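I am opening my notebook on a structure that is new to me. I want to look up its pockets and its aromatic rings.

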Amino acid sequence: MSDLAAQLRARIEAEGPLRLDVWMAACNTAYYAGPNPLGRDFTTAPEISQMFGELIGGWIGDLWQRAGQPAVRLVELGPGRGTLMADARRVLARLPGLAEAPLALVETSPALRALQGERLAADWYETLDDVPDDRAIILIANEFFDALPIRQFDGQGGETAVTVTEAGFAATSLPAPGTAAGERAEAGEAVAARIAARLARHGGAALIIDYGYAETQARDSLQALRHAASADAFADPGSADLTAHVDFSALARAAAGAASHGPVTQGVWLARLGIEARAAALQARNRDAAAAISAALVRLTAPAQMGTLFKVMALTAPHWPQPAGFDA
Ligand code: SAH
């Protein structure tokens, strides 16, 4: 048994079943602290192609210029291997005033912080609250919110929890009277509210990209992935990536005070930002990679791949300009 499994077992024996969000937070903290999970268990958009981070760099630069080139801090939540921001910063290097902007990375995993440090000059923080709140921010979060813990209600006065049996961990239910069926991402909503408060104070924008749905709906979207295959979310804690679909409408509601844009599907958003032209330009420069670039374009944008399931939403300070990609 792993140390985490022993700890969780002892805690359940002492205190009773653990709520799903508590279990999920403990499992994911251990999971992301382990040896580089990205690429082994799942592949994210910036790891598929440099085009993803480059287009986001272009989006940041365009918005910043139209906002009047204010002093900003770039912030990324859950930067993984640092690939997205490294690709974005190559584009931003052409914009004096933004190229030198300080970069704040919010990352709990020591292993991932080390990988990010190989690619990026940055300051690291445990939570968004620890990032200095002294100027406008442009914040990016790709596949961050799906990793945050959720609560899950059955609509019959119960909520998902985890207990121990002789055979190991198992799902059970705890009383939650008066709750409607569905999932609640309280941790994610709290982050969205804190982003909105910062945007209201100093200005700025946040770009949230994740898999999920545009309208609140009752469903069970908890998923565990190990070695790119689905696994049991209630076994072997810390060995699998636990995620849930992101409820974008709930995040937008929690971000009261900020203007929200979208969500639009990732395929549509990337097309509006010009991914086809970017792919053609890269292919013209590197004929040998032409087929790989075409394949990456399809993976990022095709409806049957990441194009529709993944959504893009922006939050902006009320007085900031309309961000690119959200207007038809
Ligand atoms: N954005 C990256 C990585 C996505 S994986 C990409 O697109 O490739 C999720 C990332 O969020 C990892 O870096 C993980 O360590 C981080 N993370 C997960 N939960 C977190 C939390 N509660 N606080 C800070 N970082 C967290």
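Entry one, the main pocket. I started with which elements line the largest pocket: helix H2 (20-33), helix H3 (45-48), strand S2 (72-77), helix H5 (83-92) and helix H7 (186-202) each give at least two residues to its lining. I keep in mind that this is a predicted model. For the largest pocket I noted a volume of about 780 Å³. Its lining counts 36 residues, and nearest its centre I found Gly78, Thr108, Phe144, Ala147 and Leu148. Sorted by class, the lining of the largest pocket has 18 nonpolar, 10 polar and eight charged residues.

I looked up its 15 lining residues, and Phe42, Thr43, Glu143, Leu225 and Phe310 are the closest to its centre. Strand S11 (223-226), strand S13 (241-243) and helix H12 (303-307) each supply at least two residues of this lining. I sorted the lining of the second largest pocket into seven nonpolar, four polar and four charged residues.

How many aromatic pairs does the structure hold? I found six. One of them joins Tyr31 and Tyr32 edge-to-face, at 5.1 Å centre to centre with 80° between the planes. Both Tyr31 and Tyr32 are buried. Phe144 and Phe145 also pair edge-to-face, with 5.4 Å centre to centre and 85° between the planes. Phe144 counts as buried because its relative accessible area is 15%, under the 20% cut-off. Phe145 is buried too, at 5%. Last, I noted that ring pairs link Trp59, Trp269 and Phe326 into a cluster.

Technical notes
Residues numbered from 1 in each chain as written. Predicted model: local features only at pLDDT ≥ 70, side-chain atom pairs only at ≥ 80, totals over all residues. Heavy atoms only, no water. Phe/Tyr/Trp six-rings, centres within 6.5 Å; stacked < 30°, edge-to-face > 60°. Buried < 20%, exposed > 50% of the residue type's maximum accessible area, 1.4 Å probe, protein only. 1 Å grid on protein atoms, 1.4 Å probe; cavity = no way out; pocket = protein on both sides within 12 Å on 5 of 7 lines; lining within 4 Å. Points joined across faces, edges and corners; volume = space filled by probe spheres on them. Helix = DSSP H or I, 4+ residues; strand = E, 2+ residues; numbered from the N terminus. Nonpolar A, V, L, I, M, F, W, Y, C, P; charged D, E, K, R; others polar.
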